[in-house]
Amino acid sequence: MAKPTDAAWMARALQLARRGLYTTHPNPRVGCVLVKNQHMIGEGWHVRAGEPHAEVHALRMAGETVRGATAYVTLEPCSHHGRTGPCAVALIEAGVDRVVVAMQDPNPDVSGRGIAMLRQAGIEVEVGLLEEEARSLNLGFISRMTRLRPYLRLKMAMSLDGRTAMQSGESQWITGPHARAEVQRLRASASAVMTGVDSIIFDNSRLTIRAAELGLDDAEAIASRQPLRVVVDTQLRLPQAAACLREPGRTLVATVPGHDPQRRAHLEAAGAEVLVLPAGENGHVDLHALLRYLAEQELVNELLLETGATLAGAMLDAGLVDEMQLFVAPTLLGGEARPLFALPGLTRMAQQRPLEILDIRAIGRDWRITARPEHRQE
């Protein structure tokens, strides 16, 4: 019988890290496995911010048997003091002989320091095993650390003829229950959910995680952490009776200067947090500034955009869409219905916006297309 390899143990650490998919915000998802004499002696994962890191859970499980062990960690052990102590120090003090790290910490202020600390203590360190898999698990954390903005995932539901709603704005429901459950899981894995004010006006969207639709064993616990709700509202038209203002959690309304102070006061009294940002060149909310704010002030890693054609098109034009989750229903809404994107000014084939298709799969009676915008050659 073949013995587990380094790759197999790291795969187990990644599997553990995924258990924090819905809970670790704004921290990264991290798993750790401790192995001695080809046997697992301890394992753990980071559950939520402020609680022990993956390495600490694994060390506690291993106890005194850890000396001389190998640690497999999906992210470089931290070297700094935050709400918890540095994991690099904990591994050194525990007496591990070897540490295998999937990827370095993307935080430029600390990247490589934990690895250097381990090596200075005489511990053998290897970096880069299953790095791509580790990176895919923390796309939002990496984006916030390296690009100073969240990873933006755009979700849209459409008919087979590329329409998202009837001309009146009616859109519930285009897709079936399996697709809607998948959307709930996208919301649960996001730090924040964003929409445009028109989507609230037409659909009275709540933008919440609904435990009954998640289809997960720990749905109630996951739904207890509602993501930040962000409404882009240049004209400050959000109704005070909007359902999203009555839901648990926070609703942030991003707007521009120059509105009637009384209108803002009424919205705030209804439960909104109004964020005034500079206007962009088109007079609307500066989307780049909004995403910077979310990364810096709200510590948003992954941002789920659920919106209509106008804001979706504006985000695409601004180069801020990292990934698309497009749910396609086997139905037709007709030429008068609303389109997927508002992209004015495209008059020549040379101006088309190519996409890279990453995945296509059936979700119940619907289809989900995962894609990302290709870099355009001007």
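Mentor: Leu34 touches His39, Met40, Ile41, Gly42, Ala58, Leu59, Ala62, Val66, Thr70, Ala71 and Val96, leaving aside residues up to four places away in sequence. Contact here means heavy atoms within 4.5 Å. The model is predicted, so local features need pLDDT of at least 70 and side-chain atom pairs count only at pLDDT 80 or more, while totals for chains, interfaces and linings use all residues. Residues are numbered from 1 along each chain as its sequence is written, and side-chain values use heavy atoms, with hydrogens and water left out.

Now the core around that residue. The largest nonpolar core has 38 residues, and Leu34, Val66 and Val99 are the ones that touch the most other members. Two or more of its residues come from each of α1 (6–17), β1 (31–36), α2 (54–62), β3 (70–73), α3 (87–94), β4 (98–101), α4 (113–120) and α5 (131–137). α1 supplies the largest share, six residues. There is also a second, separate core of 35 residues, which includes Leu275, Leu277, Val285 and Leu311. A nonpolar core is a set of buried Ala, Val, Leu, Ile, Met, Phe, Trp, Tyr and Cys residues joined through side-chain atoms within 4.5 Å. Buried means under 20% relative accessible area, exposed over 50%, and partly exposed in between (1.4 Å probe, protein chains only). The helices (H or I, at least four residues) and strands (E, at least two) are DSSP runs, numbered from the N terminus.

Next, the cysteines. The structure holds zero disulfides, a disulfide being a pair of cysteine sulfur atoms within 2.5 Å. Cys32 counts as buried because its relative accessibility is 0%. Cys87 is in no disulfide either, and its nearest cysteine sulfur, that of Cys78, is 3.8 Å away. Cys87 has a relative accessibility of 1%, so it too counts as buried.

Two backbone angles remain. Most residues other than glycine have a negative phi, and most peptide bonds are trans. Asn37, not a glycine, has a positive phi of about 55°. Asn37 sits in the loop between β1 and β2 (39–45), and its relative accessibility of 66% is why it counts as exposed. Leu207 also has a positive phi, near 60°, in a residue other than glycine. Leu207 lies in the loop between α8 (197–203) and α9 (211–214). With a relative accessibility of 3%, Leu207 counts as buried.
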